[in-house]
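Please go through the structure shown below with the following explanation at hand. The account begins where the chains meet and then moves to selected sites within each chain.

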Amino acid sequence: MKSSVPTTLAIFFGLFFASVNVAPAQEAAPKPAPAAKPAVKPAKEAVEIKIGYLRAYEPTLALSVLDMPPRDEGVAGATVAVADNNTTGSFMGQKFILDVTEVKFDADVTAIFDEMVAKGERYVLTDISAPQLLSIADKARDAGILLFNVGNSDDSLREEDCRINVFHIAPTRSMLADGLAQYLVWKQWPRWALITGSHDRDKLFAAALRRAAERFGGQIVGEKEFTDTGTAKQTDSGIVQIQKQMPVFTQDLPDHDVLLVADESEVFGSYLPFRTWVPRPVAGTAGMVPTAWHPASEQWGGAQIQNRFEKASGRRMLSRDMSAWTAARIIGEAATRTQSADARKIEDFIRGDGFSVAAFRGQRVTFRKWNWQLRQPIFLGDGRGVITTSPQEGFLHQVSELDTLGVDQPETKCVLK
Amino acid sequence: MRNRSIALAGGLLTLLAASPASAFMAYVSNEKDNTVSVVDTATMQVVKTIKTGQRPRGITISHDGKFVYLCASDDDTIEIIDTATGEIVGSLPSGPDPELFVLSPDGKMLYVANEDDNLVTVIDIESKAVVTEIPVGVEPEGMGISPDGKVMVNTSETTNMAHFIDTTTHEIVNNVLVDARPRFVEFTPDGKQAWVSAEIGGTVSVIDNASREVVHKVTFEIPGLRAESIQPVGLRITADGKKAYVALGPANRVAVVNTETFEVEKYILVGQRVWQLAFTPGQKQVITTNGVSNDITFIDVETDEPVQSVTVGSLPWGVAVSPK
């Protein structure tokens with residue numbers, strides 16, 4: 001880890017020039033640079049700070065039409081943040097530019113990432129899979145580029161696969177599961193049955209729930225897997241099927257207080273509430289759901305960001321939007337505070353001891369320096385509103401109560417490189 | 001006609017009831033139930049509840065005490081309440097989502113923060129006309145004005161700046177970076193300093209009005225409370241310039257700060273989520289609005305002891321007290 005530092009510094013020095021928007025001549029790009037733009041600008045002109053957004057997208061379905069992911073999920077949050085940054089930037093002589101690059105869900109992102117680098121993007125928000133992120137992380141590090149993961153909740157990216165130049169704004173599955181578990185324990189509903197979907201990501205969330213049970217004194221009394229056999233959506237005949245299917249499926253679970261569901265793939269989870277064999281609340285990916293943000297949150301100045309977001313995008317703000325907003329605001333905050341567009345100064349500031357941002361979550365949010373995960377409260381809500389936010393009262397920590405959520409420093413497997 | 005005479009009689013009764021020595025009326029905006037509670041400061045009782053527009057927040061009173069101005073944020077207007085009748089008698093064109101405002105020392109101009117539109121709107125009260133709109137940072141909130149009326153300060157909650165605005169040219173002359181989510185601005189009576197609270201930063205920045213630089217940061221520490229729960233919001237400085245009262249939000253306390261040493265001399269426990277503050281005329285008392293416990297607390301300025309809490313409406317936000 002140490003040996004890479006001098007190289008990194010040298011590259012940052014080069015970036016100083018790039019950040020004031022002089023063509024990045026130092027970078028030995030394999031292909032010819034695009035037509036040279038005038039390198040010298042009038043002294044009065046604002047300094048440009050380019051923020052890239054790399055997104056792997058495919059349309060996905062949800063069991064309820066109300067839950068269909070909007071086409072611009074995430075991107076809309078970054079757009080609002082860049083507008084916010086530019087309002088502040090108008091007083092600082094700074095202009096922020098957002099450049100969104102979208103690829104197919106499972107595409108190779110390495111070549112497109114090179115193009116983003118060539119365009120002078122020093123900060124890239126990513127909403128891509130773990131393999132995609134790992135395919136560009138080291139390359140980004142060597143080019144002095146900071147990545148901000150806004151859409152991926154894999155714990156592995158913060159643990160065994162952590163990288164020094166990847167800041168994680170989205171919460172991990174373990175943070176989400178811990179936030180949920182704390183509330184259920186606080187409610188004194190400690191016995192949980194768990195139904196897991198058959199896809200990989202469902203299993204990852206189930207693992208996070210099992211870990212949370214162990215940490216906070218919950219007990220998983222029984223488990224079942226729901227195999228995805230291409231279940232019908234809730235159409236005319238579907239609803240009759242589902243109404244019969246779900247009670248029978250949950251009939252043989254041992255007695256429990258809460259039914260946990262791990263179905264990130266949206267195959268069956270949303271069909272569980274009110275259809276269980278015994279009357280029990282549902283939580284996890286359906287029922288009461290832990291999230292980074294809630295579209296109905298109005299606390300802590302939330303009404304303002306929600307209004308601003310709704311005016312800009314015509315819909316309510318979702319978790320991915322909030323993570324992207326926060327990421328772009330972190331870059332903006334660092335540029336404001338350092339009064340600079342110097343990439344090294346901005347990075348040093350973000351990595352500095354006192355760094356925090358206000359992000360409508362009732363307290364400043366900061367980074368865990370051991371893996372660059374953003375500390376943040378977890379919202380627990382249903383489709384209508386916020387039920388509570390975790391950490392719950394009474395879950396104490398010697399550093400920050402937010403570190404009761406997710407993998408803590410003593411247990412981390414992350415070795416930053 | 002009949003309605004009017006009843007209202008007049010009501011006003012008269014209020015006046016009569018208020019006649020004992022040093023009785024003033026405190027007007028409390030209740031954000032959640034769209035009302036203003038009128039509290040007699042001598043008897044410490046609610047004497048009237050006025051229905052208002054939606055989401056009433058910022059509240060102030062004309063220097064002659066005749067009119068209360070109220071930001072009805074969700075109605076995008078400022079309502080004018082006649083204090084004699086308790087009726088809404090007009091409105092001012094505030095621009096969208098007015099949250100807080102400040103009256104010029106001569107009482108002629110109202111400077112309004114439009115939270116959703118990154119603007120400060122300047123309104124001429126007599127003509128009820130918008131004089132100009134001044135673009136500021138993201139989520140403008142706090143509004144303060146120097147005692148000589150020459151400079152006005154707006155804080156922007158997401159930009160984290162105090163914008164100093166020349167009231168003659170209506171142009172920003174200085175932008176001063178402060179800590180996160182700056183909420184409120186109050187000048188010292190001598191006009192030499194502007195104090196700016198930062199809710200999420202947890203500090204109060206003291207800005208020198210000559211150099212326009214932060215010369216000191218007041219910090220707070222309460223045993224047994226997490227630093228994150230100490231969130232400075234409302235702020236008032238005594239007329240003699242010696243003490244500053246700072247409402248600390250979810251810390252449920254008001255800090256008393258010595259303006260010479262910048263040290264906190266006392267934390268006064270009041271209601272939950274203490275938000276804004278106002279002195280009674282003569283400054284014998286300071287009144288706090290406690291949003292979550294739905295009450296206001298009277299603090300004795302001489303002893304800095306809480307005297308009494310009075311239940312008002314739902315989510316009390318701001319408070320203004322009649323000058324006589």
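**A salt bridge across the interface**

In this predicted model, the side chains of Lys311(A) and Asp117(B) form a salt bridge, with N and O 2.9 Å apart. The count of salt bridges between chain A and chain B is 3. Polar contacts across the interface of these chains join 13 residue pairs, both residues of each pair being at pLDDT 80 or more. On the side of chain A that touches chain B, the elements giving two or more residues are helix H2 (75-92), helix H8 (302-313) and helix H9 (319-338) of chain A. By residue class, that side of chain A divides into 6 nonpolar, 9 polar and 8 charged residues.

The extent of the interface can be given by contacts or by area. In terms of contacts, 23 residues of chain A meet 31 residues of chain B. The size of an interface is often given as the accessible area lost when the parts come together. For chain A and chain B, the area buried between them is about 2,200 Å², and 49% of it is on carbon and sulfur atoms. Phe91(A), Gln304(A) and Arg364(A) supply 29% of the area that chain A buries against chain B, more than any other three residues.

Glu157(B) is found in the loop between strand E13 (151-156) and strand E14 (161-166) of chain B. Is Glu157(B) buried or exposed? Its relative accessible area is 1%, and because the limit for buried is under 20%, Glu157(B) counts as buried. Its side chain makes a polar contact of 3.1 Å with the side chain of Arg181(B), and another polar contact of 3.1 Å with the side chain of Arg183(B).

Arg329(A) forms a salt bridge with Glu333(A), and the closest N and O atoms are 2.8 Å apart. The two residues are 4 residues apart in helix H9 of chain A, so about one helical turn separates Arg329(A) from Glu333(A). Arg329(A) is buried at a relative accessible area of 5%, and Glu333(A) is buried at 5% relative accessibility. Elsewhere, salt bridges that share partners join Asp84(A), Arg308(A), Arg57(B), Asp97(B), Glu99(B), Glu115(B), Glu139(B), Glu141(B), Glu157(B), Arg181(B), Arg183(B) and Glu199(B) into one network. Over all chains, the structure holds 50 salt bridges.

Another salt bridge in chain A is made by the side chains of Glu411(A) and Arg211(A), at 3.4 Å from N to O. Glu411(A) lies in the segment after strand E14 (386-390) of chain A, while Arg211(A) is in helix H6 (residues 200-216) of chain A, so the pair ties together parts that are 200 residues apart in sequence. Glu411(A) counts as partly exposed at 37% relative accessibility, and Arg211(A) counts as partly exposed at 23%. A further salt bridge joins the side chains of Arg141(A) and Asp142(A), 3.2 Å from N to O. Asp142(A) is partly exposed, at 46% relative accessibility.

The remaining sites are in chain B. Strand E8 (residues 98-103) of chain B is mostly covered, with 6 of its 6 residues buried. E8(B) runs antiparallel to strand E9 (residues 109-114) of chain B, and 5 bridges join them. Leu103(B) has Leu110(B) in E9(B) as its bridge partner. E8(B) and E9(B) form a hairpin with 5 residues between them, and in the turn Gly107(B) has a positive phi of about 75°.

Ala278(B) is in strand E24 (residues 274-279) of chain B. With a relative accessible area of 6%, Ala278(B) is buried. Not counting residues up to four places away in sequence, Ala278(B) touches Arg236(B), Gln285(B), Val286(B), Ile287(B), Val319(B) and Val321(B). Ala278(B) and Pro189(B) are 89 residues apart in sequence, and their C-alpha atoms are 15 Å apart in space.

Note on methods: Residues numbered from 1 in each chain as written. Chains lettered and ligands numbered in written order. Predicted model: local features only at pLDDT ≥ 70, side-chain atom pairs only at ≥ 80, totals over all residues. Heavy atoms only, no water. Contact = heavy atoms within 4.5 Å. Buried area = accessible area lost by both parts, 1.4 Å probe. Salt bridge = Lys/Arg side-chain N within 4 Å of Asp/Glu carboxyl O. Polar contact = N/O pair within 3.5 Å; in protein donor to acceptor, adjacent residues only side chain to side chain. Nonpolar A, V, L, I, M, F, W, Y, C, P; charged D, E, K, R; others polar. Buried < 20%, exposed > 50% of the residue type's maximum accessible area, 1.4 Å probe, protein only. Pairing = 2+ DSSP bridges.
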